[in-house]
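Please look through the structure below from end to end before reading on.

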Amino acid sequence: MVAPDQTTVYSLTAHNRFGLEKTGKITLRVLRVAFTASADTIKQEGDAVTLEWSAENATGVSIEPTSEIPAPGPSGKAVVHPTSGTTYRLVATNDQYKAT
């Protein structure tokens with residue numbers, strides 16, 4: 001198992017008994033995700049909080065609950081108005097990984 005911390009190309013070359021070779025390559029595109037809020041707690045329900053995120057190498061991003069940010073891009077900012085007990089969760093994906 002490999003777990004690179006940056007986008008990495010791996011290659012494998014195999015030789016058969018006749019001396020013929022075949023090489024295959026794969027590029028692992030590592031997801032780098034950052035997700036912050038302008039406040040850890042709110043004074044009262046409905047107070048404005050700014051969420052900011054970036055998801056490098058992501059082909060899809062969602063933020064739950066989706067009602068306040070229905071179609072986020074790979075990076076952005078949004079003002080939300082949480083109630084008590086609201087937890088925001090960012091999910092970033094590409095063709096190889098899923099990060100939450």
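A salt bridge is a side-chain nitrogen of Lys or Arg within 4 Å of a carboxyl oxygen of Asp or Glu. This is a predicted model, in which local features need pLDDT of at least 70 and side-chain atom pairs count only at pLDDT 80 or more, while totals for chains, interfaces and linings use all residues. Residues are numbered from 1 along each chain as its sequence is written, and side-chain values use heavy atoms, leaving out hydrogens and water.

How many salt bridges does a search of the whole structure find? There are two. In one of them, the side chains of Arg32 and Glu56 meet, at 3.9 Å from N to O. This pair links distant parts of the chain, 24 residues apart: Arg32 belongs to strand β3 (residues 32–37) and Glu56 to strand β4 (residues 49–56). Strands here are DSSP runs of E with at least two residues, helices are runs of H or I with at least four, and both are numbered from the N terminus.

Are these side chains buried or exposed? Buried means under 20% relative accessible area and exposed means over 50%, with partly exposed in between (1.4 Å probe, protein chains only). Arg32 counts as partly exposed at 38%, and Glu56 is also partly exposed, at 44%.

A salt bridge also joins Arg89 and Glu64, whose closest N and O atoms are 3.0 Å apart. Arg89 lies in strand β7 (residues 89–93) and Glu64 in strand β5 (residues 60–64), so the pair ties together parts that are 25 residues apart in sequence. Arg89 is partly exposed with a relative accessible area of 37%, and Glu64 is partly exposed with 30%.

Now consider the whole chain. Its secondary structure consists of eight strands and zero helices. The radius of gyration, taken over C-alpha atoms, is compared with a globule rule of 2.2 Å times the number of residues to the power 0.38. For this chain the radius is 20 Å, well over the 13 Å that the rule gives for 100 residues, so the chain is more spread out than a compact globule. Along the principal axes, its C-alpha atoms fill a box of roughly 75 × 20 × 20 Å.

Of the 100 residues, 21% count as buried. Contact means heavy atoms within 4.5 Å. Among the contacts with a separation of 6 or more, 50% are between residues 24 or more positions apart.
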